[in-house]
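Please open the model in your viewer and keep the selection tool at hand. The tour below goes from one stop to the next, saying what to select and what is there.

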Amino acid sequence: MGKPATEVAKLLGRNAQTVQGWVQQFNEKGPEGVRPHFPGNPSRRLLSDEELAQLKVAIQQSPRQVGFPRGRWTGKLVMAFVKQRFGQTIAYRTAIGYLHRLNFVRKRPRKRLKKADPNQQKAFAAALQQLERSRCARSVTVYLDQGQIWMDVLLRLMWCLKGKPAEVDSCSPGKKKLRFYVAVVRPLGGVITLQVDWFNQENTARFLEKVRSKLERYRIDLVWDSAPWNRGAIVREALARDRIHSQRLPAYSPEMNAAEPWIKWVKEVLSENTCWWELKALVRAFNGFVASMSRRAQQILRRCVPQTMGSCWQ
């Protein structure tokens, strides 16, 4: 003799109406009536090898290129693509499973500047490598760039307890920021900086003078871009006065400047998930980080490496 639905419901932790529905389905269709059917159930046909190959090709493109007005692929977008292209309904977890099966992983992308000329980059790299090979004992290559650090928080991934919101306090400081010039000196592993209110020819000339004063007895080959404040009569006079040999980077080639990784480094330390309530406090922290560079020559040489054409110089 079976048990009543109310008693079975208590044993299973369900309500009696649900149990009565199961009984009705069983009476009408037998065991098949109570078998769960979820989207993506293994009992359904999986995508064929050919369909998986099509999915892999599609995900390597922007969603917009295959007809979806989005900028990045998500599990839900994979579900929509499979439904539209192959007429199959799959679950979210199945969509994520396909991504892993096709050897996709999540990475934070970096910009690939399409206006860059690979031939110019390759020629510049070859010329710079030749310069490095023929370097005399008292010569250095100085990579110069400009950076800025906002007082407001630079949001990045963080660890937090499950069920708790990921939040970082902000005092909404607006557009207040610290501007600076930076020079990375290879192969000495040195860093030179100058804080400024604005980037202009006058301040660039001041920084070139500071670089020369720090490297008084060295031949200096200067690698930098053609930003407006790095060009003009004032800058040309400063280069001549300070006996600095200018090597202009190809256009749209920031990855070839060893100062770029240093700017990223200082932002990681000072800005990630941190809001500065006073500009003076940010300046003090920046000065402390710069002062620590005198003990980190090898770390600078490891981290601040110019890259081009998929290779780097050590």
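**First stop: a pocket and its lining**

By class, the lining of the second largest pocket consists of 10 nonpolar, 8 polar and 4 charged residues. Bear in mind throughout that this is a predicted model. To find the centre of this pocket, select Arg72, Trp73, Val105, Arg106 and Lys107, which lie nearest to it among the 22 lining residues; the volume of the pocket is about 1,000 Å³. Then select helix H5, residues 92-101, which provides the largest share of the lining with 4 residues.

**Second stop: two exposed loop residues**

Asn103 is not a glycine, yet its phi is positive, at about 75°, and with a relative accessibility of 65% the residue counts as exposed. Next, in the loop between S1 and S2, select Ser172, another residue other than glycine with a positive phi, here near 50°; at 60% relative accessibility, Ser172 also counts as exposed.

Go on to the loop between S2 and S3, where Pro187 is placed, and look at the peptide bond from Arg186 to Pro187, which is cis, with omega near 10°.

**Last stop: helix H9**

Finally, select residues 259-270, the 12 residues of helix H9, which reaches 17 Å from its first C-alpha to its last, close to the expected 16 Å. Colour Ala259, Trp262, Ile263, Trp265, Val266 and Leu270, which are buried. Seen down the axis of H9, these buried residues fall within an arc of 160°, so they line one face of the helix. What covers them includes strands S1 (139-150), S2 (177-186) and S3 (190-196), together with helices H10 (279-292) and H11 (297-303).

Conventions
Residues numbered from 1 in each chain as written. Predicted model: local features only at pLDDT ≥ 70, side-chain atom pairs only at ≥ 80, totals over all residues. Heavy atoms only, no water. 1 Å grid on protein atoms, 1.4 Å probe; cavity = no way out; pocket = protein on both sides within 12 Å on 5 of 7 lines; lining within 4 Å. Points joined across faces, edges and corners; volume = space filled by probe spheres on them. Nonpolar A, V, L, I, M, F, W, Y, C, P; charged D, E, K, R; others polar. Expected span 1.5 Å × (residues − 1). Buried < 20%, exposed > 50% of the residue type's maximum accessible area, 1.4 Å probe, protein only. Arc of directions from axis to C-beta. Contact = heavy atoms within 4.5 Å.
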